[in-house]
Amino acid sequence: MLQYSAWIDKVAKKNRSKIVLALDLTNLGSKQLLSNCLRILKETAPSICAVKINRQVVLPLGLRNGVQGIIKLAHNLDLPIIMDCKINDVGHTNEAIAGHYFSAGFDAVTASPFVGWKDGLEPVFKVARQQGKGVILLVYMSHKGAEEGYGQNVLDPKTGKLCPQYMIFAEKALEWGADGAVVGATYPEKISAVHKTLGTKVPIYSPGVGVQGGDVEAAIQAGATYLIIGRTIFKSANPQKTSSDLKNQINEVVSKHQSNSR
Ligand code: XMP
């Protein structure tokens with residue numbers, strides 16, 4: 001089986017898509033929640049390169065119960081599945097959390113670099129590497145309050161100079177060999193700054209286009225590799241068409257950007 005990063009890259013090329021579908025359905029009974037998740041995943045599969053779920057889906061469905069249906073369907077459709085659990089505790093519990101998600105079938109997890117390496121995320125990267133799974137780091141979140149944490153200026157311990165917290169996290173993503181860095185599409189200038197540090201070594205996953213106000217073209221031009229898109233697709237009247245239209249829109253932006261940079 002392919003290692004996570006190679007798998008999502010392969011599917012993105014095969015489906016000609018940069019969309020990671022965020023299946024964030026809420027306010028439904030468990031039966032309806034599961035059947036809607038499965039239906040939307042089937043309908044959008046040709047237009048996406050991966051799927052992502054959060055705890056608001058895992059809690060009502062159960063990791064060993066309903067969630068198994070979503071994981072199996074994703075894998076049958078040749079799509080990697082990401083658990084957006086934002087791991088954020090001390091090492092031994094982080095390791096156990098990642099271990100549960102990986103053994104349940106998830107291919108990657110998200111994690112917060114605020115907890116650091118030693119006794120923080122080192123055990124998560126270790127267990128991921130042993131199993132060919134991915135770890136995606138939050139570098140700058142897309143919501144308004146992100147500036148209060150990720151946007152603070154802090155003293156860079158390496159240089160002794162003031163530096164934005166998220167740029168230190170971008171360096172960590174490189175140093176730790178992360179499989180991705182999350183930077184909100186609502187801040188294209190921050191995607192650009194992070195992309196300058198990461199180059200092609202760590203792909204940028206960018207949530208926040210559509211409902212949160214982020215712009216597809218600005219995010220792609222700034223260097224986003226994948227766009228995480230939820231409500232714009234699953235709340236639309238026709239998720240199949242919306243995902244296909246978005247895929248085409250993104251591909252047009254990519255072609256335009258490539259021809260401009262030639
Ligand atoms: P929407 O519905 O806004 O969903 O397309 C965005 C998805 O991305 C996840 N996610 C984040 N959202 N800032 C966010 O606002 C982040 O940094 C971030 N990281 C991941 C979110 O959980 C939802 O699934």
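A polar contact here is a pair of N or O atoms within 3.5 Å; within protein, one must be able to donate a hydrogen and the other to accept it, and residues adjacent in sequence count only if both atoms are side-chain atoms. This is a predicted model, where local features need pLDDT of at least 70, side-chain atom pairs count only at pLDDT 80 or more, and totals for chains, interfaces and linings use all residues. Residues are numbered from 1 along each chain as its sequence is written, and side-chain values use heavy atoms, without hydrogens and water.

Start with Arg231: one of its polar side-chain atoms is 2.7 Å from an oxygen atom of the ligand. The protein buries 91% of the 500 Å² that the ligand exposes when taken alone (Shrake-Rupley method, 1.4 Å probe). In the side chain of Lys52, an N or O atom is likewise 2.7 Å from a ligand oxygen. For Asp84, a polar side-chain atom is 3.5 Å from an oxygen atom of the ligand.

What is the class make-up of the shell around the ligand? There are six nonpolar, five polar and five charged residues; Asp, Glu, Lys and Arg count as charged, Ala, Val, Leu, Ile, Met, Phe, Trp, Tyr, Cys and Pro as nonpolar, and the others, Gly among them, as polar.

Now Ala50, which is in strand E2, residues 50-53 (strands are DSSP runs of at least two residues, numbered from the N terminus). Is Ala50 buried or exposed? Ala50 counts as buried because its relative accessibility is 0%, where buried means under 20% relative accessible area and exposed over 50% (1.4 Å probe, protein chains only).

Methods
Helices (H or I, at least four residues) and strands (E, at least two) are DSSP runs, numbered from the N terminus.
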